[in-house]
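Q: I have a structure open here and would like to talk it through with you, piece by piece. Can we begin with how the interior is put together?

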Amino acid sequence: MSLFCCPVCGGPLERGERACACPAGHSYDIAKEGYTYLLPPNQKHSQAPGDDRQMARARREFLSRGYYEPLLNTLCCETLTRCGEESVILDAGCGEGYYTAGIYRTLRDAGRRFRMAGVDISKFILRAAAKRESGVEFAVASSYRLPLAGGGVDLLLNCFSPLALEEFRRVLRPGGVFLYVVPGPKHLWELKRVLYDRPYLNEERETPYEGFAYERIVPVDAEITLSNQADIQNLFCMTPYYWKTPRSGAERLLALESLEATISFRVHIFRKL
């Protein structure tokens with residue numbers, strides 16, 4: 001039985017070799033990479049929503065170089081300490097699966113019994129995620145219409161993705177853990193100084209959300225060195241700055257041979273009331 005449910009009628013999905021189907025007869029093909037497409041046409045805001053091929057490739061190549069390993073290690077530790085036996089874990093907005101796969105392998109190597117799913121609205125990026133880790137069940141879906149039954153998730157991860165709080169509350173069980181990752185104040189500050197004439201720090205604040213209780217905020221800060229233009233451009237391409245940087249800033253970045261940058265994250269940890 002799949003962790004996912006039918007996006008049309010909400011019925012349980014039985015996962016076969018080539019498709020998932022519900023008792024009402026709705027069927028969804030499983031792509032050759034291993035993910036299932038569960039995004040109905042009426043939930044799409046464009047022909048190909050989410051990250052395009054270029055952004056998907058940039059994320060895959062940059063993250064595979066280990067630059068964000070400090071964040072990955074923190075998420076693995078926090079997940080390991082909070083997951084009991086028979087846990088169900090969801091990565092909502094999983095991207096190309098870097099953090100999803102890392103958490104999956106940490107729990108597996110620790111001998112935990114669990115099931116894990118990841119969703120993202122971009123089919124291009126889900127292809128990379130499904131190839132990265134076959135043990136995770138991946139689906140193209142919207143975080144605002146998660147194809148999961150209510151109250152069945154023990155831990156939910158949201159890393160730089162849309163904050164679909166109503167859906168997160170629905171799918172998490174009472175007492176379930178919600179890990180919400182946001183940029184820290186000086187995240188990629190040196191990159192921003194190259195791109196913009198007047199860069200500003202990211203806002204840092206503790207924001208309570210209805211239906212959740214704060215447990216703690218875990219800071220993750222480190223310095224990285226990008227030693228070639230390919231890595232610099234991959235980082236640029238996977239950030240929001242790629243879409244709103246003036247040409248002069250992009251040209252300054254293109255002229256660099258290396259870049260030393262601060263990476264800064266805040267992991268906000270909540271429990272569902």
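A: Bearing in mind that this is a predicted model, the largest nonpolar core has 56 residues, and those touching the most other members are F62, Y68, L71, L75, Y99 and V267. Strand β11, which spans residues 259-272, supplies the largest share of this core with six residues. There is also a second, separate core of 31 residues, which includes F4, I30, L38 and A164.

Q: Which residues is Y68 in contact with, leaving aside its neighbours within four places in sequence?

A: Y68 is in contact with F62, L63, Y98, Y99, H187, L188, L235, M238, I263 and F265.

Q: M238 is in that list, so where is its place, and is it buried or exposed?

A: M238 sits in the loop between α7 (229-237) and α8 (241-244), and with a relative accessible area of 16% it is buried, because buried means under 20%. Beyond the residues up to four places away in sequence, M238 touches A58, R59, F62, L63 and Y68. As for E251, it is 13 residues from M238 in sequence, while the C-alpha atoms of the two are 17 Å apart in space.

Q: What about L201, where does that one lie?

A: L201 lies in the loop between α6 (189-195) and β10 (212-226), and its relative accessible area of 47% makes it partly exposed. If residues up to four places away in sequence are not counted, L201 touches P185, K186, W189 and K192. From M1, L201 is 200 residues away in sequence and 46 Å away in space, C-alpha to C-alpha.

Q: Switching to rings, how many aromatic pairs does the structure hold?

A: The structure holds 17 aromatic pairs. In one of them, Y209 and F270 have ring centres 5.6 Å apart and planes at 55 degrees, so this pair is tilted. Since Y209 is in the loop between α6 and β10 whereas F270 is in strand β11, the pair ties together parts that are 61 residues apart in sequence.

Q: And are those two, Y209 and F270, buried or exposed?

A: Y209 counts as buried at 17% relative accessibility, and F270 is buried with a relative accessible area of 0%. F270 also pairs with Y214, with ring centres 4.3 Å apart and planes at 35 degrees, so that pair is tilted as well. Y214 lies in strand β10 and F270 in strand β11, so here the parts tied together are 56 residues apart in sequence. Y214 itself is partly exposed, at 24% relative accessible area.

Q: Which residues do ring pairs link into a cluster?

A: The cluster is made up of F168, F178, Y180, Y209, F212, Y214 and F270, linked by ring pairs.

Q: Last one, in what order do the three strands of the open sheet come?

A: The order is β1-β2-β3, with antiparallel pairing. β1 (14-15) and β3 (27-29) are at the edges with a single partner strand each, so one side of each is left without a neighbour in the sheet. Strand β2 (residues 19-21) is joined to β3 by three bridges, and C20 stands opposite Y28 in β3.

Definitions and conventions:
Residues are numbered from 1 along each chain as its sequence is written. This is a predicted model: local features need pLDDT of at least 70, side-chain atom pairs count only at pLDDT 80 or more; totals for chains, interfaces and linings use all residues. Side-chain values use heavy atoms; hydrogens and water are left out. Two strands pair if DSSP finds at least two bridges between them. Helices (H or I, at least four residues) and strands (E, at least two) are DSSP runs, numbered from the N terminus. A nonpolar core is a set of buried Ala, Val, Leu, Ile, Met, Phe, Trp, Tyr and Cys residues joined through side-chain atoms within 4.5 Å. Buried means under 20% relative accessible area, exposed over 50%, partly exposed in between (1.4 Å probe, protein chains only). Contact means heavy atoms within 4.5 Å. Rings of Phe, Tyr and Trp (its six-membered ring) pair if their centres lie within 6.5 Å; planes under 30 degrees apart count as stacked, over 60 as edge-to-face and the rest as tilted.
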